[in-house]
Amino acid sequence: MKARLLLILLLLPATSVTATPEEARKHFEEGMRLLAAKERGRALEELKRAIELDEQYLEAHREYQDHVLEESRNNRQALIAEYRRRLEAHPDSPAFHYLLGRLLEGRERESELRRSVELDPSFCDGHMELAALYRVKNR
């Protein structure tokens with residue numbers, strides 16, 4: 001009986017964590033709806049909220065990055081600083097090396113993208129971004 005109660009207590013936090021991606025998805029979808037309605041400010045808030053709820057939500061990160069940069073190229077340095085902080089918090093995360101790499105240029109970009117696939121050879125997003133970089137370099 002005690003073992004069963006302990007198992008239930010151990011599983012409770014996992015249950016509340018699994019609810020977060022669904023909530024994150026709702027914020028992401030609302031952000032995309034707002035972008036389509038040309039309400040970029042509110043959309044970016046929704047995308048940011050999705051990321052806060054599920055830090056590994058790559059699609060939300062990509063949309064957030066793309067639209068922050070689309071709003072103004074002057075935002076690049078602040079965005080790079082934000083993603084450097086995220087990477088410092090998660091240095092072994094292929095996703096954060098990839099996300100930072102998307103924002104960088106030259107050798108630094110290549111280095112971050114290569115690190116993402118070194119950390120996880122099956123990380124498709126890193127491979128795709130690296131392939132796109134090499135395709136452009138070879139033109």
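Predicted model: local features only at pLDDT ≥ 70, side-chain atom pairs only at ≥ 80, totals over all residues.
Local features need pLDDT of at least 70 and side-chain atom pairs count only at pLDDT 80 or more, while totals for chains, interfaces and linings use all residues. Residues are numbered from 1 along each chain as its sequence is written, and side-chain values use heavy atoms, with hydrogens and water left out.

**View 1. The largest nonpolar core.** Welcome to a set of 32 residues, where a nonpolar core means buried Ala, Val, Leu, Ile, Met, Phe, Trp, Tyr and Cys residues joined through side-chain atoms within 4.5 Å. Two or more residues come from each of α1 (2–36), α2 (40–53), α3 (58–71), α4 (76–89), α5 (94–103), α6 and α7; helices are DSSP runs (H or I, at least four residues) numbered from the N terminus. Tyr 64, Leu 79 and Tyr 83 have the most contacts inside this core.

**View 2. His 61 in helix α3.** His 61 counts as buried, at 0% relative accessibility (buried is under 20% relative accessible area, exposed over 50%, partly exposed in between; 1.4 Å probe, protein chains only). Its side chain reaches the backbone oxygen of Glu 55 at 2.8 Å. Beyond four places in sequence, the contacts of His 61 (heavy atoms within 4.5 Å) include Tyr 83, Phe 96 and Leu 99.

**View 3. Lys 38 in the loop between α1 and α2.** Look here for a positive phi, near 65 degrees, in a residue other than glycine. Lys 38 is exposed, with 76% relative accessibility.

**View 4. Ser 122 in the loop between α6 (106–119) and α7 (124–137).** Ser 122 is exposed too, its relative accessible area being 54%.

Key
Polar contact = N/O pair within 3.5 Å; in protein donor to acceptor, adjacent residues only side chain to side chain.
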